[in-house]
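This briefing describes selected features of one structure, grouped by topic. Please read it alongside the sequence and the coordinates.

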Amino acid sequence: MSYLHEDVLLISVKAALAAGEVIRQIYDDPASDFEVEMKKDNSPLTVADRKSNEVISSFLQSTPYPVLSEEGASVDYAVRCKWVKLWIVDPLDGTKEFIKRNGEFTVNIAFVENGSPVAGVIYVPVKKTLYFGAIGTGAFKCSDIVSVGSDVTLQQLMDVSERMPSADCAHSGLVVVASRSHMNSETEAYIEELKKAHGEVRTVSKGSSIKICLVAEGAADIYPRFAPTMEWDTAAGHAIAVAAGLEVYRADGDVPLRYNKEDLLNPWFVVKAKVN
């Protein structure tokens, strides 16, 4: 079976919304035990991460493409390097924010071809906000959405969504979005250099891949990330950013991030307008 970007987007949307519903049920239940465990890298894992991964896997297993997921079994690079097309998934990006109950966590699903993200979906369960985009299709934001019909078309979804970047997000001065949990001296120094170059600079702090979405929709102008991230943290947002006319560059040069590398750790990066 051949899947075009439209098919990829639709199944990603359905998977993300279904996963978001499961996460929201756990999050909203005052008696819920998050069952927090610590992984080998000392990052937290909850029952919501596991349940979300199960839901997403149930959707994506109907496609002919392999899945690289944060919560899935690790796959040796000798096998992965042969994957020309694949899904890259973070079932719950921002687990620390989930545990803090601040709502700033997401479901991330990306489709990658030849190392480049070509389609992506990010869903914010608490806000019930969906971001999605693909190369050749554009980037969109859909508010107050919890599900879609089984026969919905991508065009119907686009018709009830707002194209990004949005004119409603117009602002004065330079807006920089930074990590809520990973602000460091390198990021602060970068922002100081921006102030010298641009004068007025306003900083907004957010968790998870919401930061990339803010730049894609035009609410922020740049997102520097000078702290560790993994491919599943950025792949979906990267696809949406590119669809919105932006790029996710390595911090050491105007070279886009690559995916399904042997080392799944991302280099430091900056999300900003494409360099001509």
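A surface patch is made of residues with over 30% relative accessible area and no salt bridge, with like charges joined within 9 Å and nonpolar side chains (Val, Leu, Ile, Met, Phe, Trp, Tyr) within 5 Å. Accessible areas come from the Shrake-Rupley method with a 1.4 Å probe, and for residues only the protein chains shown count as cover. The model is predicted: local features need pLDDT of at least 70, side-chain atom pairs count only at pLDDT 80 or more, and totals for chains, interfaces and linings use all residues. Residues are numbered from 1 along each chain as its sequence is written, and side-chain values use heavy atoms, with hydrogens and water left out.

**Surface patch**

- Val36, Met38 and Ile99 form a nonpolar patch on the surface, and together they have about 250 Å² of accessible area.
- Isoleucine 99 lies in helix H4, residues 95–100; helices (H or I, at least four residues) and strands (E, at least two) are DSSP runs numbered from the N terminus.
- With a relative accessible area of 33%, isoleucine 99 is partly exposed, a class that lies between buried (under 20% relative accessible area) and exposed (over 50%), using a 1.4 Å probe and protein chains only.

**Packing of helices H1 and H2**

- Helix H1 (residues 5–28) packs against helix H2 (residues 47–60) at an angle of about 155°, and their axes are 9 Å apart.
- Axes are lines fitted to C-alpha atoms, for helices over the stretch in contact, and angles run from 0 to 180 degrees between N-to-C directions.

**Salt bridges**

- The structure holds 10 salt bridges, each being a side-chain nitrogen of Lys or Arg within 4 Å of a carboxyl oxygen of Asp or Glu.
- Arginine 50 and glutamate 37 form one of them, at 3.5 Å from N to O. This pair links distant parts of the chain, with arginine 50 in helix H2 and glutamate 37 in strand S1 (residues 37–38), 13 residues apart.
- Arginine 50 is partly exposed at 25% relative accessible area, and glutamate 37 is partly exposed at 41%.
- Glu35, Glu37 and Arg50 are linked in a network of salt bridges.
- Glutamate 192 forms a salt bridge with lysine 195, their closest N and O atoms being 3.4 Å apart. Because they are 3 residues apart in helix H6 (residues 185–198), about one helical turn separates glutamate 192 and lysine 195.
- Glutamate 192 is partly exposed at 41%, as is lysine 195 at 34%.

- In helix H7 (residues 210–217), 8 of the 8 residues are buried, so the helix is largely enclosed by the rest of the structure.
- The buried residues of H7 include Lys211, Cys213 and Glu217.
- Lysine 141 forms a salt bridge with glutamate 217, with the closest N and O atoms 3.0 Å apart. This pair links distant parts of the chain, lysine 141 in strand S8 (residues 138–142) and glutamate 217 in helix H7, 76 residues apart.
- Both lysine 141 and glutamate 217 are buried.
- Just after H7, glycine 218 takes a positive phi of about 95°.
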